[in-house]
Amino acid sequence: MSATSPTEALSYYGRPIVKEPVWKADIPLYFFTGGLTGASDLLALGAQISGNQRLRTSALAAATFGTAVSPYFLIKDLGRPLRFLNMLRVVKVTSPMSVGTWIFSAESATTSIAAACRLFGVLPRVRVAAQVLAGLIGPAQATYTGALVAQSVMPAWHEARRELPVLFASSAAASAGGAAAILTPAEHAGPARRLGIVGGVAELAISKLMEKRLGKLVGSVYHEGEAGRYSRLATASTVAGTALMALAGKRRVGAVAAGALLLTGSLCERFAVYHAGKQSARDPHHTSIPQKERGGRAVTQPRSRTGNGSSPSASTR
């Protein structure tokens with residue numbers, strides 16, 4: 001009998017080992033709008049501290065848009081609003097879903113309060129306090145969805161558990177910078193342009209690092225099917241948007257075009273990650289082979305021994 005190839009793995013007769021996520025397209029849209037909200041609130045807080053009132057207004061407007069549409073995508077996926085309210089009955093710190101629900105709720109409430117006070121010109125102290133809280137919660141809002149999917153058993157998500165929160169943070173920063181650059185006059189949009197450029201560069205670097213660390217087998221999902229198409233579109237849009245923001249972002253037309261490209265790249269990156277998880281779940285080799293490789297490393301790892309061949313614990317007896 002011939003030896004089994006290291007790339008072959010036993011599965012349930014070629015059937016998927018893990019169940020494919022049942023999420024629809026509303027979830028990556030929620031990932032995008034939630035990230036936009038969190039990063040925009042942080043940008044608004046920075047603008048408030050630096051005294052850039054025009055940029056603060058634009059960033060708050062982007063965050064308010066994200067806050068307004070995010071519940072629609074989330075509740076639509078859940079099916080009924082009551083299911084979301086049921087998740088607020090308990091706080092379970094060991095559950096990314098539970099923690100994320102409370103992060104989202106706190107971010108939505110503080111952003112809405114700050115926006116309402118700004119719109120109606122009332123309660124300035126309440127507005128400032130709400131803006132500060134929203135800005136402080138913003139990083140958690142921008143990254144918790146990455147941590148959430150990383151805790152799943154989908155190979156393309158679980159194997160990238162170190163990179164996904166950073167990728168989502170970078171993508172959120174690029175989208176927030178792009179949105180604020182679109183909404184803000186060029187003379188006030190310097191911090192937004194810099195955030196968009198830094199976020200775009202980081203998004204490109206982390207996405208390539210993630211694919212490399214996933215390896216040829218699992219990482220191949222980002223070059224195939226829907227995930228591959230969205231990944232290529234995300235890369236092209238982010239590269240073009242970052243370059244255009246750096247070269248022509250000080251001009252109004254350049255800032256609008258660059259911001260739109262950065263937003264497109266960020267949105268496509270979330271869809272690429274979403275489809276990568278689904279595609280990796282369908283291929284049993286993406287689950288079984290990494291598990292066999294980890295098991296093989298654990299078995300072949302040499303044990304620490306003392307000079308006389310006995311174990312360290314035995315030598316002290």
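**How the helices cross**

Start with α2 and α4, whose axes come within 9 Å and cross at roughly 135 degrees. The axes here are lines fitted to C-alpha atoms, for helices over the stretch in contact, with angles running from 0 to 180 degrees between N-to-C directions. The helices themselves are DSSP runs (H or I, at least four residues), numbered from the N terminus. α2 and α4 are therefore oblique to each other; angles under 35 degrees count as roughly parallel, over 145 as roughly antiparallel, 65 to 115 as roughly perpendicular, and the rest as oblique. Their crossing is left-handed, that is, the near helix is turned anticlockwise from the far one by less than a right angle (clockwise would be right-handed).

A word on the ground rules: this is a predicted model, where local features need pLDDT of at least 70 and side-chain atom pairs count only at pLDDT 80 or more, while totals for chains, interfaces and linings use all residues. Residues are numbered from 1 along each chain as its sequence is written, and side-chain values use heavy atoms, with hydrogens and water left out.

Now for helix α1 (residues 26-50) and helix α2 (residues 53-78): their axes come within 7 Å and cross at roughly 155 degrees. That makes α1 roughly antiparallel to α2. By class, their contact has 16 nonpolar, nine polar and five charged residues; Ala, Val, Leu, Ile, Met, Phe, Trp, Tyr, Cys and Pro count as nonpolar, Asp, Glu, Lys and Arg as charged, and the others, Gly among them, as polar.

There's a salt bridge here too, between aspartate 26 and lysine 76, with the closest N and O atoms 3.7 Å apart. Aspartate 26 sits in α1 and lysine 76 in α2, so the pair ties together parts that are 50 residues apart in sequence. The structure holds three salt bridges (a side-chain nitrogen of Lys or Arg within 4 Å of a carboxyl oxygen of Asp or Glu).

α1 also meets helix α7 (residues 164-183), their axes coming within 8 Å and crossing at roughly 70 degrees. That makes α1 roughly perpendicular to α7, and this crossing is right-handed.

Last stop: the loop between α4 and α5, where leucine 123 lies. Leucine 123 has a positive phi of about 45 degrees although it is not a glycine. Most residues other than glycine have a negative phi.

Note on methods. Helices (H or I, at least four residues) and strands (E, at least two) are DSSP runs, numbered from the N terminus.
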